[in-house]
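Reader: I would like to go through this structure by question and answer. Please keep it brisk.

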Amino acid sequence: MKILSVFHPLFQVATFVVGVYNARMGITRKNFTYRRHFRFGMLYYGMAVLGLSGGMMITESLEEAGHEIELGSHLEIAFLMVFLFVLAGVLGLLVHYRPNLRKGLMPVHKYLNLATLLLFIYQAVTGFSGLLRFLLS
Ligand code: HEM
Ligand code: HEM
């Protein structure tokens, strides 16, 4: 049963790598095309949300089996992240389709996305410490 608990953390580590790759592409402009940046952006958001649902399902089935994982504010931060994904993604589309708004919106798009990566690190801290306590219990 305990083995179930490692799938979501490992999947989210892969999601983080995709997010960092896309941020690097935006910042350095290396291999940057809108198509590529859009695809990896959608992959990052999509994987994170898929991982979120997986995390909830696994937590629920562990609880049903009588196990408790202490994750602090992991769930609340997860929902905050989804809100930021929607906001940052919509701004990215606006930057592309409304070039006159580019100057004002681009930094907001950039910093919101970078904020999601910082929150991701926070999720890794609460997630891995909860996982470790659970696995060692
Ligand atoms: C490397 C980063 C992360 C680690 C190590 C981690 C770890 C965990 C662990 C150990 C659990 C308990 C269930 C299980 O073992 O599968 C969990 C649950 C969960 N995770 Fe994560 N997680 C990470 C990132 C994320 C991110 C980025 C999100 C949201 C976008 C997220 C959303 C959730 C949710 C919603 C739950 C269920 C919590 C509940 O129902 O109380 N996690 N996570
Ligand atoms: C589907 C979602 C996304 C869309 C539609 C989108 C769209 C855009 C667009 C249109 C630009 C400006 C390109 C230009 O004309 O110069 C841009 C830049 C950028 N994006 Fe995204 N993006 C998305 C996801 C992401 C994600 C997930 C990240 C980071 C995790 C990110 C980070 C950046 C960065 C750092 C820049 C460069 C900003 C600058 O040069 O100051 N984007 N994005």
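**Ligand shells and helix packing**

Reader: Which residues come nearest to ligand 1?

Author: This is a predicted model. In it, 25 residues lie around ligand 1. Those that come nearest are Ser5, His8, Pro9, Gly55 and Gly127.

Reader: Which elements give two or more residues to the shell around ligand 1, and how does that shell divide by class?

Author: The elements giving two or more residues to this shell are α1, α2, α3 and α4. By class, the shell around ligand 1 divides into 15 nonpolar, 10 polar and no charged residues.

Reader: What surrounds ligand 2, and which residues are closest?

Author: Ligand 2 has a shell of 21 residues. By class, the shell holds 10 nonpolar, 10 polar and 1 charged residues. The closest to ligand 2 are Gly26, Gly41, Gly92, His96 and Asn113.

Reader: Which helix gives the largest share of the shell around ligand 2?

Author: At least two residues each come from α1 (7-28), α2 (34-64), α3 (74-97) and α4 (102-136). The largest share is 6 residues, and it comes from α2.

Reader: Are α2 and α3 roughly parallel or roughly antiparallel?

Author: Their axes come within 11 Å and cross at roughly 165°. Angles over 145 degrees count as roughly antiparallel. Therefore α2 and α3 are roughly antiparallel.

Reader: Which residues of α3 make the contact with α2, and what is the hand of the crossing?

Author: From α2, the contact uses Tyr34, Gly41, Tyr45, Ala48, Val49 and Leu52. By class, the contact has 9 nonpolar, 4 polar and no charged residues. The α3 side is Ala78, Met81, Val82, Phe85, Gly89, Gly92 and His96. The crossing of α2 and α3 is left-handed.

Reader: Arg39 is found in α2. Is Arg39 buried or exposed?

Author: Arg39 has 12 C-beta neighbours inside 10 Å. A residue with 12 or fewer counts as exposed. So Arg39 is exposed.

Reader: What is phi of Arg29, and is Arg29 buried or exposed?

Author: Arg29 sits in the loop between α1 and α2. Its phi is near 65°, a positive value in a residue other than glycine. Because Arg29 has 9 C-beta neighbours inside 10 Å, it counts as exposed.

Reader: Where is Asn31, and what is its phi?

Author: Asn31 has its place in the loop between α1 and α2. With 10 C-beta neighbours inside 10 Å, Asn31 counts as exposed. Phi of Asn31 is positive, though the residue is not glycine, and is near 60°.

Methods: Residues numbered from 1 in each chain as written. Chains lettered and ligands numbered in written order. Predicted model: local features only at pLDDT ≥ 70, side-chain atom pairs only at ≥ 80, totals over all residues. Near = placed C-beta within 6 Å. Helix = DSSP H or I, 4+ residues; strand = E, 2+ residues; numbered from the N terminus. Nonpolar A, V, L, I, M, F, W, Y, C, P; charged D, E, K, R; others polar. Axes fitted to C-alpha atoms, helices over the stretch in contact; angles between N-to-C directions. Parallel < 35°, antiparallel > 145°, perpendicular 65-115°, else oblique. Left-handed = near helix turned anticlockwise from the far one by under 90°. Contact = placed C-beta atoms within 7 Å. Buried ≥ 20, exposed ≤ 12 C-beta atoms within 10 Å, placed from the backbone.
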